[in-house]
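Subject: Structure handover

Hello,

Here is the structure we talked about handing over. Please open it alongside this email.

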Amino acid sequence: MPSGSRRCSAWDRSIGYDRSAGGGRFPLAYYIIPLLGAVVGTSVIAAFILTSSATGAIDGAVVGAGVGVAIAAASVTNALTPHTPEPYLFGAITGGYHLVACTLCGALIGIFG
């Protein structure tokens with residue numbers, strides 16, 4: 001990152017992206033595709049919870065964590081490319097995000113489902 005530019009996030013650093021080098025905005029697809037992925041992931045967690053004997057926040061969180069581990073493993077695997085400057089950091093950020101999000105989603109579905 002050039003000296004004098006603002007500090008980049010860990011995610012930016014992990015993929016070698018410098019927002020100060022040219023436009024900090026991403027195309028709309030960068031927001032829509034993850035949103036659709038979240039809807040699909042949430043639907044899968046809900047289907048698992050509804051077809052199992054899972055009831056309540058703890059059971060839902062366990063189901064969500066199981067789905068989250070699977071998605072996190074895929075995220076870490078995809079991060080390990082020779083083109084990613086910091087693949088382990090990128091894998092930890094994206095994998096951790098999915099694990100936490102799916103676990104919380106499962107807990108909420110368990111409570112309200």
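This is a predicted model: local features need pLDDT of at least 70, side-chain atom pairs count only at pLDDT 80 or more; totals for chains, interfaces and linings use all residues.

Residues are numbered from 1 along each chain as its sequence is written, and side-chain values use heavy atoms, with hydrogens and water left out.

**Core**

The largest nonpolar core has 9 residues: Ile45, Ala46, Ile49, Ala54, Val63, Val67, Cys102, Cys105 and Ile109. Helices α2, α3 (56-79) and α4 each supply at least two residues of this core. A nonpolar core here is a set of buried Ala, Val, Leu, Ile, Met, Phe, Trp, Tyr and Cys residues joined through side-chain atoms within 4.5 Å. Buried means under 20% relative accessible area, exposed over 50%, and partly exposed in between (1.4 Å probe, protein chains only). Helices are DSSP runs of H or I, at least four residues, numbered from the N terminus.

Ile49 is in contact (heavy atoms within 4.5 Å) with Ala54, Gly60, Val63, Gly106, Ile109 and Gly110, leaving aside neighbours within four places in sequence.

**Aromatic pair**

The whole structure holds 1 aromatic pair. Trp11 and Phe90 form it, tilted, at 6.4 Å centre to centre and 50° between the planes. Trp11 lies in helix α1 (residues 10-15) and Phe90 in helix α4 (residues 87-112), so the pair ties together parts 79 residues apart in sequence. The rule: rings of Phe, Tyr and Trp (its six-membered ring) pair if their centres lie within 6.5 Å; planes under 30 degrees apart are stacked, over 60 edge-to-face, the rest tilted. Trp11 is partly exposed at 27% relative accessible area. Phe90 is buried at 17%.

Ser14 also sits in helix α1. Ser14 is buried, at 0% relative accessibility. Not counting residues up to four places away in sequence, Ser14 touches Thr84, Pro85, Glu86, Leu89 and Phe90.

**Surface of α2**

Tyr30 lies in helix α2 (residues 29-51). Tyr30 counts as exposed because its relative accessibility is 51%. Tyr30 belongs to a nonpolar surface patch with Leu28, Tyr31, Ile32, Ile33, Leu35, Leu36 and Val39, about 850 Å² of accessible area together. Patch residues have over 30% relative accessible area and no salt bridge; like charges are joined within 9 Å, nonpolar side chains (Val, Leu, Ile, Met, Phe, Trp, Tyr) within 5 Å. A salt bridge is a side-chain nitrogen of Lys or Arg within 4 Å of a carboxyl oxygen of Asp or Glu. Accessible areas come from the Shrake-Rupley method with a 1.4 Å probe; for residues, only the protein chains shown count as cover.

Best wishes
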